[in-house]
Amino acid sequence: MKKLFLLLFSLFWSFSASSAPLSFDIHTPNEPKSMQVAKVYFLPDWRDKGMFWDGADEKPCTEVCPQKTDYDCKYGTESYVNGCGLTCSRCVECSGCEEQGYTLSECPVNGICLNDCCNKLYKITDCNSGYVLENGACRAENCTENASLCDSTTEKCGNGQCVEKDCTEYPDKCGSNQVCVNGECIAKDCNNTPSLCTATEKCLLQDGVYKCVCSPTCTDESDCSNGTETIANGCGGECTVCKKGPPAEAVIFTFSPDTANVTLTLPTASYSGITADYTVDWGDGTVDKNLTTLKPTHTYAEAGSYDVTITGSLGKLGQISSSNIKYVTQIKQLNLSSIRNFAATFEGGTNIRGNIPELPLNLESAGDMFYECKNLTGRIPKFPPKLSNGSGMFYKCSGLSGSIPELPAGLTDGDGMFTDCAGLTGNIPVLPKTLRDASSRDSGTSRSSFGGMFGGCRGLTGNIPQLPEGLLYADGMFKSCTGLTGSIPQLPTKLQYAKGMFEYCSNLTGNIPELPASLTDGSMMFSGCSGLTGSIPELPATLKRGYSMFEYCSSLTGNIPELPASLEDVARMFFDCRGLTGNIPKIPASLTDTWGLFHGCSNLTGTIPELPAGLTDGSSMFSGCSKLTGTIPELPAGLTDGGGMFEECSGLTGNIPALPVSLVAVNVMFKGCRSLTGVTTVNGQYPYQYLINAKTHGWMVDDASEAVRQHFPTSWGGTCTTCQ
């Protein structure tokens, strides 16, 4: 019973103690801490002696268990088990770091304190500059880890240590009278420094010392196929030697200044993969050897003709300046195997005469190489197999003759390549499948002004070969090739720009092939192709420019196809296509300029469709469309040019509608409209009265019906002598 009472008392005590708060916010400094009351335990061998503590071995365990928090402790807490088996916490005591002069927020370099407290509380994660972290400690860097520890000019890093460089690695280590041999600085002599000897000296070992000794540069020669010449032997004498021919590999051209002191600059240039190391013989006795720099210059003391010879390794020769090219009179040799690019080298060389020599086997690019060299003659040489860029290569070389050689299989750019080479004859060769650009050499709005790849080659004959599927640009490609015959081949499906592609190819026959869906510019594409027949194919929805596209194609028949809404420029699109029939299709609403759109289309019938609201220039739009019927539609409010708009439209009826006051040009606007029956007035006024902006109005109604002319003064083409 005594034990039971004690047990109940103990449970009550424990419950009361545990019901008190055991924790609190350590960031609230004045919060009272809960008190943990000691719990009472009995040892296992205690015995019940009638509710009294009468046994010597009966003792309760009452050791208090403190619970410390980080709020209480400067260096944190640690757990331990007290004598009663409870897990308690207490403050960590750490003084070892401070005793060594460190604080706990900054550990020693090696991260070790006397009691290792620093390692326990603060693990090293990084080291100061100049140290590296290794196995939990910081140690000083070596040069393998930090190259800046060594002087980069005079030292190098070896096995983590800075050691002195040898003279191979440090060229300035040797003095001016020394040379570096096998990493050591030794005294110069002609054996280890050949430049100490002149061109007429040899380096010979004499009395154990290498010395420069004069040695003749030549000896007498005989049996010379090119004749002989006398030259100095370099040691004060002369010798007779054979005249040498040009080097097997060289670029040679003749430079002929007509005055003294003319300076020639060679436009040598760098090229990827080719190391420049070349020699220039300027032709007047001056030779610059082993040049590695670019754009060397030379001044000729006297007027004359000099053969400039370039040999050695050179990847690119650029454009000779306009002040120098006028003195280039002949190209003698071009077969330098290291050359990859002649970039407009002889452009504008109108004084160059003679044939074009053999081209370098490894030439890749020759853009504008002979641009406008109109006095070159003879045949075009064989093309190098690796040539990919031939743009403008023979542009306007009108003196060249013969047929075009086989084109390189990898040619991609042929724009303006043979433009206006009117002397070339024969068929157009097979076009490479890689060809993407065969357009005009000139860019911008006048790209086809001078024709594209074969533009202006009037001497070429035969059919047009198959066009490469990947061809994108064909502006002026066959412009004015009047000798070409047969039908137009299938057009590439990816073709986008074809401005003037077949312009004035008047001997082409057959139907126009299907137009590519990607075509955006077809202006002047078939202009002047009077031999083409059949109907016009469907126009691509992407077409933006149709300026003069079918101009003068008088043999085309059938209806005009639907006009794409994307059209921006249609001036003269069907000009003088008098074989076209049927009604005029809907006119795209976005158009502002329709000058001469249906001029001369005398067989079109039906009525005039609605005109675009933003139209400003409608001059000659329906001129000569004598079979159109019905009345004239409402004219756009912003129309400024109506000159010849309905000229000779003798089938139109009804009145002249109200005219926009914005009109500036109305000359011959209704000339020959003999079926019109009257004039619509505006606020009681006739056109000659309210068109105050009209500057040109002569013959506006000349040869129209009398019902119209009677309301116009004679200066406007009318018959009214009293109209003012």
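1. Arg674 is partly exposed, with 44% relative accessible area, where partly exposed lies between buried (under 20%) and exposed (over 50%), computed with a 1.4 Å probe on protein chains only. Its partner in a salt bridge is Asp703, at 3.0 Å from N to O, the term requiring a side-chain nitrogen of Lys or Arg within 4 Å of a carboxyl oxygen of Asp or Glu.

2. This is a predicted model, in which local features need pLDDT of at least 70 and side-chain atom pairs count only at pLDDT 80 or more, whereas totals for chains, interfaces and linings use all residues. Residues are numbered from 1 along each chain as its sequence is written, and side-chain values use heavy atoms, with hydrogens and water left out.

3. A second salt bridge joins Lys671 and Glu648 at 3.7 Å, N to O; Lys671 is buried at 19%, while Glu648 is partly exposed at 24%. Asp703 is likewise partly exposed, at 35%, and salt bridges with shared partners join Glu648, Lys671, Arg674 and Asp703 into one network.

4. The search of the whole structure finds ten salt bridges, including that of Asp521 with Arg545 (3.2 Å, N to O). Asp521 is buried at 7% relative accessibility, whereas Arg545 is partly exposed at 28%.

5. The largest pocket holds about 520 Å³ of space, a pocket being an open set of points on a 1 Å grid with protein on both sides within 12 Å along at least five of seven lines, and lining residues having an atom within 4 Å of a point. Its lining numbers 16 residues, with Gly245, Pro246, Pro247, Asp281 and Thr309 nearest the centre.

Conventions
1 Å grid on protein atoms, 1.4 Å probe; cavity = no way out; pocket = protein on both sides within 12 Å on 5 of 7 lines; lining within 4 Å. Points joined across faces, edges and corners; volume = space filled by probe spheres on them.
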